Amino acid sequence: MLDDVSLSLHAGEAMLLTGPNGAGKSTLLRVLAGLRRPDGGALLWDGVPIAEDRTAHATRVAYLGHQDALKPSLSVVENLHLFARAGGGDMTAALKAVDLLPLADLPARLLSAGQKRRAALARVLLAQAPLWLLDEPSLGLDANAIVLLGEAIARHRAGGGVVIATTHVPLPLEDVRHLALPGAPDPADRWWDEESSALSPSDHEGASA
Ligand SMILES: Nc1ncnc2c1ncn2[C@@H]1O[C@H](COP(=O)(O)OP(=O)(O)OP(=O)(O)O)[C@@H](O)[C@H]1O
């Protein structure tokens with residue numbers, strides 16, 4: 001059960017949500033996305049409750065769930081067009097950012113699991129939304145794609161964007177905050193460095209979250 005959770009982020013900040021399976025990380029992301037109403041408490045954007053205008057909140061959020069939600073018969077680029085907002089982001093740049101340009105015309109059903117995840121990430125880039133809510137974004141990604149993910153997040157933050165991501169593994173992010181949901185492992189087992197908040201995959205040797 002998710003209870004007594006409080007967090008606040010400013011432009012350019014990032015937060016990782018950690019905790020064991022079932023701790024409520026995905027539930028919290030869905031609440032932050034406005035996809036699920038909390039039983040209590042409030043979610044504010046610039047001091048205004050999102051409940052006052054849920055449509056406006058939806059335009060602020062790019063949400064990446066566990067499912068990549070691609071239409072199998074459509075090509076990568078057709079899938080991305082489905083979600084690109086009018087006057088939205090640069091399709092070629094989004095495909096390049098996740099190294100999918102060579103596969104742009106391939107039907108989504110022929111993509112590998114990691115390639116599908118890259119396509120779902122390209123959709124986040126295209127949304128041009130200030131708030132990225134990413135549920136285990138590195139799921140299925142190879143080492144190179146995880147580097148690209150880190151770079152995309154850094155660019156988003158440099159432009160004033162905010163990122164909140166769940167993860168069970170370290171992500172290559174600088175100056176990231178952590179929120180460990182109750183039931184998280186003993187602090188001695190934490191793979192992040194409380195002092196520097198900087199992470200690298202090599203920090204993760206033998207740890208679990
Ligand atoms: N729609 C739902 N109805 C009832 N219970 C739910 C629903 N969705 C999630 N739960 C429960 O809420 C708890 C938190 O689930 P959640 O998916 O948020 O966990 P999580 O921390 O993201 O886990 P994981 O690390 O496995 O992804 C779990 O016990 C889960 O069974």
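Helices α5 and α6 are roughly parallel to each other in this predicted model, because their axes cross at roughly 10° and angles under 35 degrees count as roughly parallel. The two axes come within 12 Å. Helix α6 covers residues 143-158, while α5 covers residues 113-127. Where they meet, G114, R118, L121 and L125 are the residues from α5, and A145, L149 and A152 are those from α6. By class, this contact divides into 5 nonpolar residues, 1 polar and 1 charged.

The next element is the sheet. Its 5 strands run in the order β4-β5-β6-β1-β7, forming an open sheet with parallel pairing. The edges are held by β4 (61-64) and β7 (177-180); each has a single partner strand, so one side of each has no neighbour in the sheet. From one strand to the next the twist averages 15°.

Helix α1 (residues 25-32) packs on it and touches β1, β5 (131-135) and β6 (162-166). The direction of α1 makes about 150° with that of β6.

Around the ligand are G19, N21, G22, A23, G24, K25, S26 and T27. This shell divides into 1 nonpolar, 6 polar and 1 charged residue.

Key: Residues numbered from 1 in each chain as written. Predicted model: local features only at pLDDT ≥ 70, side-chain atom pairs only at ≥ 80, totals over all residues. Pairing = 2+ DSSP bridges. Helix = DSSP H or I, 4+ residues; strand = E, 2+ residues; numbered from the N terminus. Axes fitted to C-alpha atoms, helices over the stretch in contact; angles between N-to-C directions. Contact = placed C-beta atoms within 7 Å. Near = placed C-beta within 6 Å. Nonpolar A, V, L, I, M, F, W, Y, C, P; charged D, E, K, R; others polar. Parallel < 35°, antiparallel > 145°, perpendicular 65-115°, else oblique.
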